[in-house]
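Please find below a short note on the model, written for a reader who is new to protein structure. Each point treats one residue.

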Amino acid sequence: MIKLVFADDEELVRSSLRGMMGGAPDIEVVGEATDGRSAVEAARRLHPDVVLLDIKMRAPDDGIRALRAILALPAPPTVAMLTTFDMDEYVSLALRLGANGFLLKDIEPAALLRAVRDLARGGAVLDPGVAARMVRAHREGQRAAQPARKLLASLSEREREVVGLIGQGLSNAEIGGKLHLSEATVKGYVSAVLSKIGAANRVQAALLAYRGGLLDQL
């Protein structure tokens, strides 16, 4: 029996997923979550084989942070990201952090069941539409790499370290532990960095780190 946990902040989506899984004799929904924090707790407590995780829930970086935390658990489950959004860079970032797939929420029930079974066997799944967009995003990303590197070069070495750790999905407390800084000091660095690079939130900073090749250096 495949144990499944899924996370989405919309009840309608959770109800749809619940219904699609209901007729599968080999899949058991052992937990549902409405945000990243509860998704991590469900994965820690229930030891599922597969987690379907909405990439954008209550906060822009909620799914990304939850992905990183779940994959850091002992014997982590296989995680696939689930979304309705055409967020090509988010796809690349999630896969870079270790997601085993990316599926659109309008996937057909039979295809979703196949994907869950493939994931439980350790496979990777990628919606064909997402795959096509990834090729396009890769080409666009190559064009955007130079401006991203130039922007990162304008930061101090410490600020680049902070951006890189944001790109890994670390919280302020975790960044502080890595860099031996207080959480308040890290918060100051994050605010300054977001202002310097013109980013509205941590996800935009993480995407800049990805485009600029900063994650490859860590």
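The points below follow some remarks on the model and its numbering.

This is a predicted model, in which local features need pLDDT of at least 70, side-chain atom pairs count only at pLDDT 80 or more, and totals for chains, interfaces and linings use all residues. Residues are numbered from 1 along each chain as its sequence is written, and side-chain values use heavy atoms, with hydrogens and water left out.

1. Asp54 belongs to strand E3, residues 50-54 (strands, E, are DSSP runs of at least two residues and helices, H or I, of at least four, numbered from the N terminus). An unreviewed UniProt entry places the feature "modified residue: 4-aspartylphosphate" at Asp54; such positions use the numbering given here, feature names are shortened, and annotations may be inferred rather than shown by experiment.

2. Asp54 has a relative accessible area of 1% and is therefore buried (under 20%; exposed is over 50% and partly exposed in between, with a 1.4 Å probe and protein chains only). Beyond its neighbours within four places in sequence, the contacts of Asp54 include Asp8, Asp9, Thr83 and Lys105 (contact means heavy atoms within 4.5 Å).

3. Ile70 lies in helix H3, residues 62-71, and is buried because its relative accessibility is 0%. Residues up to four places away in sequence aside, Ile70 touches several residues, among them Val40, Ala43, Leu53 and Val79. Ala43 is 27 residues from Ile70 along the chain, and their C-alpha atoms are 6.7 Å apart.

4. Asp35 sits in the loop between strand E2 (27-33) and helix H2 (36-46). Not counting residues up to four places away in sequence, Asp35 touches Met57, Arg58 and Asp62.
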